Amino acid sequence: MSKVLVVTSGKGGVGKTTSSAALGAALAQAGKNVVVVDFDVGLRNLDLIMGAERRVVFDLVNVVQGDAKLAQALIRDKRVETLSLLPASQTRDKDALTPEGVERVINELREKFDWIVCDSPAGIERGATLAMRHADMAVVVTNPEVSSVRDSDRIIGLLDSKTAKAEAGETVDKHLLLTRYDAGRAARGEMLKVEDVLEILAIPLLGIIPDSEDVLKASNVGSPVTLHNPMSAPARAYAEAARRLLGETVAVTMPVEKKSLMSRLFGRSVA
Amino acid sequence: MSIFGFFTRTRTAPVARERLQLLIAHERALSGKSDLAAILQEEILAVIAKHIAIDREKVKVKLDRDGTISTLEIDIEMPEAVVLKN
(Lines give C-alpha, C1' and ligand atoms only; values in the text may rest on other atoms or scores of the structure.)
Protein backbone atom coordinates (compact mmCIF):
# COMPACT_ATOMS: atom_id res chain seq x y z
CA MET A 1 0.00 0.00 0.00
CA SER A 2 1.56 3.29 -1.07
CA LYS A 3 1.34 6.37 1.10
CA VAL A 4 1.00 9.93 -0.13
CA LEU A 5 2.54 12.34 2.36
CA VAL A 6 2.30 16.12 1.99
CA VAL A 7 4.87 18.34 3.71
CA THR A 8 3.13 21.67 4.23
CA SER A 9 3.09 24.76 6.48
CA GLY A 10 1.33 27.78 5.03
CA LYS A 11 4.21 30.07 5.95
CA GLY A 12 7.32 30.15 3.79
CA GLY A 13 10.86 29.58 4.99
CA VAL A 14 10.02 27.28 7.88
CA GLY A 15 11.76 24.22 6.41
CA LYS A 16 9.32 22.39 4.13
CA THR A 17 11.86 21.60 1.41
CA THR A 18 14.62 20.73 3.89
CA SER A 19 12.17 18.43 5.69
CA SER A 20 10.86 16.84 2.48
CA ALA A 21 14.41 15.99 1.38
CA ALA A 22 15.54 14.79 4.81
CA LEU A 23 12.45 12.65 5.49
CA GLY A 24 12.41 11.29 1.93
CA ALA A 25 16.06 10.26 2.19
CA ALA A 26 15.54 8.70 5.63
CA LEU A 27 12.53 6.69 4.42
CA ALA A 28 14.54 5.51 1.41
CA GLN A 29 17.43 4.50 3.65
CA ALA A 30 14.95 2.41 5.62
CA GLY A 31 14.50 0.41 2.41
CA LYS A 32 11.34 2.03 1.09
CA ASN A 33 10.85 3.09 -2.51
CA VAL A 34 10.46 6.85 -2.21
CA VAL A 35 9.76 9.70 -4.61
CA VAL A 36 9.92 13.30 -3.48
CA VAL A 37 7.72 15.56 -5.65
CA ASP A 38 8.31 19.31 -5.87
CA PHE A 39 4.97 21.12 -6.15
CA ASP A 40 6.49 24.58 -6.01
CA VAL A 41 6.02 25.31 -9.71
CA GLY A 42 7.84 28.49 -10.70
CA LEU A 43 10.11 28.50 -7.65
CA ARG A 44 11.55 25.02 -7.61
CA ASN A 45 14.23 24.34 -5.05
CA LEU A 46 13.99 20.72 -4.05
CA ASP A 47 16.34 19.81 -6.93
CA LEU A 48 18.94 22.18 -5.52
CA ILE A 49 18.57 20.94 -1.93
CA MET A 50 18.95 17.35 -3.18
CA GLY A 51 21.89 18.18 -5.43
CA ALA A 52 20.16 17.21 -8.69
CA GLU A 53 19.78 20.66 -10.26
CA ARG A 54 21.95 19.82 -13.26
CA ARG A 55 20.09 16.61 -14.03
CA VAL A 56 16.62 18.11 -14.56
CA VAL A 57 15.34 17.52 -18.11
CA PHE A 58 11.57 17.14 -17.79
CA ASP A 59 9.42 18.19 -14.86
CA LEU A 60 6.05 17.76 -13.13
CA VAL A 61 4.29 20.20 -15.47
CA ASN A 62 5.55 18.30 -18.55
CA VAL A 63 4.17 15.07 -17.12
CA VAL A 64 0.86 16.62 -15.99
CA GLN A 65 0.35 18.09 -19.46
CA GLY A 66 1.35 14.88 -21.19
CA ASP A 67 4.49 16.28 -22.86
CA ALA A 68 6.76 13.76 -21.17
CA LYS A 69 6.40 10.31 -19.68
CA LEU A 70 6.75 9.96 -15.93
CA ALA A 71 9.84 7.79 -16.31
CA GLN A 72 11.54 10.53 -18.34
CA ALA A 73 11.03 13.13 -15.61
CA LEU A 74 12.01 11.05 -12.58
CA ILE A 75 15.58 11.56 -11.35
CA ARG A 76 17.16 8.69 -9.45
CA ASP A 77 19.29 9.80 -6.48
CA LYS A 78 22.99 8.95 -6.79
CA ARG A 79 23.48 8.21 -3.09
CA VAL A 80 20.38 6.21 -2.17
CA GLU A 81 19.19 3.80 -4.83
CA THR A 82 15.54 3.75 -3.71
CA LEU A 83 15.18 7.55 -3.68
CA SER A 84 13.83 9.52 -6.67
CA LEU A 85 12.94 13.12 -7.35
CA LEU A 86 10.20 14.58 -9.54
CA PRO A 87 11.20 18.21 -10.03
CA ALA A 88 8.90 21.20 -10.51
CA SER A 89 9.05 23.48 -13.51
CA GLN A 90 11.02 26.68 -13.12
CA THR A 91 9.56 28.56 -16.06
CA ARG A 92 5.83 27.98 -15.69
CA ASP A 93 3.41 29.12 -13.01
CA LYS A 94 1.15 27.18 -10.69
CA ASP A 95 -1.82 27.45 -13.06
CA ALA A 96 -0.01 24.99 -15.32
CA LEU A 97 -1.08 22.24 -12.89
CA THR A 98 -4.59 20.88 -13.34
CA PRO A 99 -6.45 18.85 -10.70
CA GLU A 100 -7.08 16.02 -13.18
CA GLY A 101 -3.46 15.97 -14.33
CA VAL A 102 -2.12 15.90 -10.78
CA GLU A 103 -4.49 13.06 -9.87
CA ARG A 104 -3.31 11.02 -12.85
CA VAL A 105 0.38 11.54 -11.96
CA ILE A 106 -0.19 10.68 -8.29
CA ASN A 107 -2.01 7.47 -9.27
CA GLU A 108 0.84 6.54 -11.57
CA LEU A 109 3.38 7.23 -8.81
CA ARG A 110 1.38 5.07 -6.39
CA GLU A 111 2.04 2.08 -8.63
CA LYS A 112 5.81 2.57 -8.56
CA PHE A 113 6.58 3.83 -5.06
CA ASP A 114 5.87 3.02 -1.40
CA TRP A 115 6.06 6.67 -0.35
CA ILE A 116 5.16 9.76 -2.36
CA VAL A 117 6.41 12.82 -0.48
CA CYS A 118 4.82 16.03 -1.82
CA ASP A 119 6.79 19.18 -1.04
CA SER A 120 4.13 21.89 -0.92
CA PRO A 121 4.70 25.52 -1.89
CA ALA A 122 4.05 28.18 0.77
CA GLY A 123 0.68 29.87 0.87
CA ILE A 124 -2.87 28.54 0.72
CA GLU A 125 -3.44 29.01 -3.00
CA ARG A 126 -3.76 26.52 -5.84
CA GLY A 127 -0.23 25.11 -5.57
CA ALA A 128 -0.62 24.29 -1.88
CA THR A 129 -4.12 22.87 -2.22
CA LEU A 130 -3.08 20.67 -5.17
CA ALA A 131 -0.07 19.39 -3.21
CA MET A 132 -2.31 18.27 -0.32
CA ARG A 133 -5.22 17.14 -2.51
CA HIS A 134 -4.44 13.40 -2.56
CA ALA A 135 -2.58 13.11 0.74
CA ASP A 136 -3.12 10.21 3.13
CA MET A 137 -0.84 11.84 5.68
CA ALA A 138 0.44 15.36 6.32
CA VAL A 139 3.51 16.69 8.02
CA VAL A 140 2.81 20.23 9.21
CA VAL A 141 6.15 22.01 9.51
CA THR A 142 6.05 24.72 12.16
CA ASN A 143 8.59 27.07 13.75
CA PRO A 144 8.08 28.02 17.42
CA GLU A 145 7.03 31.50 16.39
CA VAL A 146 3.60 33.20 16.34
CA SER A 147 3.11 33.71 12.59
CA SER A 148 4.17 30.17 11.75
CA VAL A 149 1.83 28.64 14.36
CA ARG A 150 -1.08 30.74 13.11
CA ASP A 151 -0.47 29.70 9.49
CA SER A 152 -0.16 26.05 10.52
CA ASP A 153 -3.58 26.25 12.15
CA ARG A 154 -4.95 27.57 8.88
CA ILE A 155 -3.33 24.75 6.92
CA ILE A 156 -4.73 22.16 9.35
CA GLY A 157 -8.17 23.63 8.58
CA LEU A 158 -7.55 23.14 4.86
CA LEU A 159 -6.33 19.56 5.39
CA ASP A 160 -9.65 18.90 7.16
CA SER A 161 -11.78 20.42 4.41
CA LYS A 162 -10.10 20.66 0.99
CA THR A 163 -8.49 17.25 0.55
CA ALA A 164 -9.94 14.30 -1.33
CA LYS A 165 -10.01 12.36 1.96
CA ALA A 166 -11.90 15.12 3.77
CA GLU A 167 -14.45 15.33 0.98
CA ALA A 168 -14.97 11.57 1.22
CA GLY A 169 -15.67 11.92 4.95
CA GLU A 170 -12.29 10.52 6.00
CA THR A 171 -9.41 12.31 7.69
CA VAL A 172 -5.85 13.02 6.65
CA ASP A 173 -3.39 11.82 9.30
CA LYS A 174 -1.74 15.02 10.53
CA HIS A 175 1.61 15.27 12.30
CA LEU A 176 3.48 18.23 13.70
CA LEU A 177 7.15 18.69 12.89
CA LEU A 178 8.60 21.48 14.99
CA THR A 179 11.68 22.88 13.27
CA ARG A 180 14.34 25.44 14.22
CA TYR A 181 13.73 24.68 17.88
CA ASP A 182 16.12 26.03 20.48
CA ALA A 183 15.60 24.19 23.78
CA GLY A 184 17.71 26.73 25.69
CA ARG A 185 15.69 29.71 24.54
CA ALA A 186 12.41 27.86 25.21
CA ALA A 187 13.60 27.08 28.76
CA ARG A 188 14.43 30.78 29.29
CA GLY A 189 10.91 31.80 28.22
CA GLU A 190 12.12 33.45 25.01
CA MET A 191 10.58 30.91 22.64
CA LEU A 192 7.31 28.97 22.55
CA LYS A 193 7.77 25.56 24.12
CA VAL A 194 6.94 22.27 22.40
CA GLU A 195 3.97 21.85 24.77
CA ASP A 196 2.64 25.34 23.92
CA VAL A 197 2.60 24.63 20.19
CA LEU A 198 1.11 21.16 20.72
CA GLU A 199 -1.65 22.55 22.91
CA ILE A 200 -2.57 25.23 20.40
CA LEU A 201 -2.46 23.10 17.24
CA ALA A 202 -3.72 19.89 18.87
CA ILE A 203 -2.13 17.40 16.44
CA PRO A 204 0.37 14.66 17.41
CA LEU A 205 4.08 15.42 17.46
CA LEU A 206 6.23 13.76 14.78
CA GLY A 207 9.52 15.26 15.89
CA ILE A 208 11.54 18.23 17.06
CA ILE A 209 14.30 19.43 14.75
CA PRO A 210 16.82 21.59 16.60
CA ASP A 211 18.02 24.84 15.09
CA SER A 212 21.39 23.82 13.72
CA GLU A 213 24.23 24.94 11.48
CA ASP A 214 24.25 21.49 9.90
CA VAL A 215 21.07 22.22 7.93
CA LEU A 216 22.72 25.08 6.01
CA LYS A 217 25.93 23.10 5.54
CA ALA A 218 23.97 20.26 3.96
CA SER A 219 22.02 22.57 1.64
CA ASN A 220 25.26 24.31 0.61
CA VAL A 221 26.49 21.05 -0.90
CA GLY A 222 23.12 19.79 -2.15
CA SER A 223 22.58 16.88 0.18
CA PRO A 224 19.63 16.00 2.43
CA VAL A 225 20.86 16.61 5.98
CA THR A 226 20.14 12.98 6.89
CA LEU A 227 22.71 11.87 4.26
CA HIS A 228 25.24 14.66 4.63
CA ASN A 229 25.98 14.29 8.32
CA PRO A 230 23.93 11.40 9.75
CA MET A 231 25.30 11.90 13.26
CA SER A 232 24.34 15.57 13.46
CA ALA A 233 21.48 16.55 15.77
CA PRO A 234 19.01 17.50 12.99
CA ALA A 235 19.83 14.35 10.98
CA ARG A 236 19.15 12.12 13.99
CA ALA A 237 15.90 13.98 14.68
CA TYR A 238 14.76 13.55 11.06
CA ALA A 239 15.73 9.86 11.04
CA GLU A 240 13.67 9.29 14.19
CA ALA A 241 10.73 11.19 12.69
CA ALA A 242 10.92 8.95 9.60
CA ARG A 243 10.79 5.85 11.82
CA ARG A 244 7.64 7.24 13.46
CA LEU A 245 6.11 7.74 10.00
CA LEU A 246 6.79 4.05 9.39
CA GLY A 247 4.75 3.25 12.46
CA GLU A 248 7.54 2.56 14.93
CA THR A 249 7.14 3.82 18.46
CA VAL A 250 10.16 5.99 19.16
CA ALA A 251 10.15 8.31 22.17
CA VAL A 252 10.58 11.95 21.18
CA THR A 253 13.86 13.23 22.55
CA MET A 254 15.54 16.56 22.18
CA PRO A 255 18.65 15.80 20.12
CA VAL A 256 21.45 18.07 21.24
CA GLU A 257 24.48 19.31 19.39
CA LYS A 258 27.63 17.50 20.34
CA LYS A 259 30.17 20.27 20.56
CA SER A 260 33.86 19.63 20.68
CA LEU A 261 36.13 21.42 23.11
CA MET A 262 37.57 23.46 20.25
CA SER A 263 34.19 24.65 19.00
CA ARG A 264 33.18 25.49 22.55
CA LEU A 265 36.33 27.58 22.92
CA PHE A 266 36.14 29.35 19.58
CA GLY A 267 32.37 29.41 19.11
CA ARG A 268 32.38 27.77 15.69
CA SER A 269 33.14 24.48 14.12
CA VAL A 270 36.77 23.75 13.37
CA ALA A 271 35.90 20.87 11.09
CA MET B 1 19.31 48.04 31.23
CA SER B 2 19.51 47.96 35.00
CA ILE B 3 22.12 45.87 36.68
CA PHE B 4 19.33 43.50 37.64
CA GLY B 5 18.28 43.16 34.03
CA PHE B 6 20.04 39.86 33.76
CA PHE B 7 17.97 38.37 36.54
CA THR B 8 14.63 39.87 35.63
CA ARG B 9 14.71 39.08 31.93
CA THR B 10 11.23 39.40 30.45
CA ARG B 11 9.74 36.12 29.43
CA THR B 12 8.06 36.83 26.11
CA ALA B 13 7.01 33.29 25.20
CA PRO B 14 3.98 33.27 27.57
CA VAL B 15 2.75 36.43 25.84
CA ALA B 16 3.09 34.72 22.46
CA ARG B 17 1.19 31.72 23.75
CA GLU B 18 -1.70 33.78 25.09
CA ARG B 19 -1.97 35.93 21.95
CA LEU B 20 -2.02 32.84 19.77
CA GLN B 21 -4.65 31.06 21.82
CA LEU B 22 -7.06 33.99 21.56
CA LEU B 23 -6.37 34.68 17.91
CA ILE B 24 -6.71 31.08 16.80
CA ALA B 25 -9.96 30.54 18.71
CA HIS B 26 -11.28 33.64 16.94
CA GLU B 27 -10.10 32.52 13.50
CA ARG B 28 -11.47 29.03 13.94
CA ALA B 29 -14.85 30.57 14.69
CA LEU B 30 -14.70 32.64 11.51
CA SER B 31 -13.77 29.66 9.35
CA GLY B 32 -16.80 27.86 10.74
CA LYS B 33 -14.84 25.20 12.56
CA SER B 34 -16.58 23.50 15.44
CA ASP B 35 -15.34 25.81 18.22
CA LEU B 36 -18.73 26.63 19.75
CA ALA B 37 -17.33 28.86 22.49
CA ALA B 38 -15.60 31.06 19.93
CA ILE B 39 -18.71 31.28 17.76
CA LEU B 40 -20.75 32.34 20.79
CA GLN B 41 -18.14 34.92 21.66
CA GLU B 42 -18.41 36.54 18.23
CA GLU B 43 -22.19 36.57 18.19
CA ILE B 44 -22.56 37.89 21.73
CA LEU B 45 -20.11 40.68 20.97
CA ALA B 46 -22.01 41.54 17.80
CA VAL B 47 -25.29 41.77 19.70
CA ILE B 48 -23.81 44.01 22.40
CA ALA B 49 -22.06 46.17 19.82
CA LYS B 50 -25.44 46.88 18.25
CA HIS B 51 -26.52 48.75 21.35
CA ILE B 52 -23.37 49.93 23.08
CA ALA B 53 -20.13 51.27 21.64
CA ILE B 54 -17.57 48.81 22.97
CA ASP B 55 -13.85 48.87 22.61
CA ARG B 56 -12.77 45.41 21.48
CA GLU B 57 -9.41 46.01 23.11
CA LYS B 58 -11.21 46.20 26.45
CA VAL B 59 -13.00 42.92 26.04
CA LYS B 60 -11.44 40.04 27.89
CA VAL B 61 -12.37 36.61 26.75
CA LYS B 62 -11.46 33.41 28.47
CA LEU B 63 -12.10 30.05 26.96
CA ASP B 64 -11.67 26.99 29.09
CA ARG B 65 -12.00 23.48 27.90
CA ASP B 66 -11.99 20.77 30.48
CA GLY B 67 -12.89 17.34 29.21
CA THR B 68 -16.54 17.52 28.26
CA ILE B 69 -17.28 21.00 29.63
CA SER B 70 -16.41 24.29 27.94
CA THR B 71 -16.77 27.55 29.78
CA LEU B 72 -16.88 30.94 28.18
CA GLU B 73 -16.15 33.99 30.28
CA ILE B 74 -16.61 37.38 28.67
CA ASP B 75 -15.55 40.43 30.59
CA ILE B 76 -16.61 43.65 28.89
CA GLU B 77 -15.50 46.98 30.22
CA MET B 78 -18.35 49.45 29.78
CA PRO B 79 -17.50 53.02 28.87
CA GLU B 80 -17.96 55.46 31.78
CA ALA B 81 -20.97 57.05 30.21
CA VAL B 82 -22.71 54.32 28.34
CA VAL B 83 -23.05 55.52 24.78
CA LEU B 84 -26.24 54.25 23.33
CA LYS B 85 -26.28 54.04 19.60
CA ASN B 86 -29.26 55.97 18.22
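A:Thr18 lies in helix α1 of chain A; helices (H or I, at least four residues) and strands (E, at least two) are DSSP runs numbered from the N terminus. The structure is a predicted model, in which local features need pLDDT of at least 70 and side-chain atom pairs count only at pLDDT 80 or more, while totals for chains, interfaces and linings use all residues. Residues are numbered from 1 along each chain as its sequence is written, chains are lettered from A and ligands numbered from 1 in the order in which they are written, and side-chain values use heavy atoms, with hydrogens and water left out.

A:Thr18 is partly exposed because its relative accessible area is 22%; buried means under 20%, exposed over 50%, and partly exposed in between (1.4 Å probe, protein chains only). Not counting residues up to four places away in sequence, A:Thr18 touches A:Val215 and A:Tyr238, contact being heavy atoms within 4.5 Å. In an unreviewed UniProt entry, the annotation "binding site" covers A:Lys11, A:Gly12, A:Gly13, A:Val14, A:Gly15, A:Lys16, A:Thr17 and A:Thr18. From this set, A:Thr18 is in the lining of the largest cavity. A cavity is a set of points, on a 1 Å grid over the protein atoms alone, where a 1.4 Å probe fits but cannot get out, and lining residues have an atom within 4 Å of a point. UniProt positions are given in the numbering used here, feature names are shortened, and annotations may be inferred rather than shown by experiment.

A:Val14, from the annotated set, sits in the loop between β1 (3-8) and α1 (16-29) of chain A. A:Val14 counts as buried because its relative accessibility is 1%. Beyond residues up to four places away in sequence, A:Val14 touches A:Ser9, A:Val141, A:Asn143, A:Ser148 and A:Thr179.

The unreviewed UniProt entry also places the feature "domain: CobQ/CobB/MinD/ParA nucleotide binding" at residues 5-225 of chain A. Over residues 5-225 the chain is 40% helix and 19% strand, with the end C-alpha atoms 19 Å apart.

Helix α10 (residues 194-201) of chain A has A:Val194, A:Asp196, A:Val197, A:Ile200 and A:Leu201 as its buried residues. Seen down the axis, these fall within an arc of 165°, so they line one face of the helix; the arc is that of the directions from the helix axis to the C-beta atoms. Their cover includes β6 (137-142), α7 (146-159), β7 (173-181) and β8 (205-210) of chain A together with α1 (13-30) of chain B. Just after α10(A), A:Ala202 takes a positive phi of about 55°.

In strand β4 (residues 83-86) of chain A, A:Leu83 and A:Leu85 point one way and A:Ser84 and A:Leu86 the other, and all are buried. β4(A) pairs with strand β2 (residues 34-38) in the parallel sense over four bridges; strands pair if DSSP finds at least two bridges between them. A:Val36 has A:Leu85 as its bridge partner. Strand β3 (residues 75-76) runs antiparallel to β4(A) and is joined to it by two bridges, with six residues between the two in a hairpin.

A nonpolar core is a set of buried Ala, Val, Leu, Ile, Met, Phe, Trp, Tyr and Cys residues joined through side-chain atoms within 4.5 Å. Of the 51 residues in the largest one, A:Phe39, A:Leu86, A:Leu97, A:Leu109 and A:Ile116 touch the most other members. α7(A) gives the most to this core, with five residues. A second, separate core of 37 residues includes A:Val7, A:Leu46, A:Leu83 and A:Leu206.

Note on methods:
1 Å grid on protein atoms, 1.4 Å probe; cavity = no way out; pocket = protein on both sides within 12 Å on 5 of 7 lines; lining within 4 Å.
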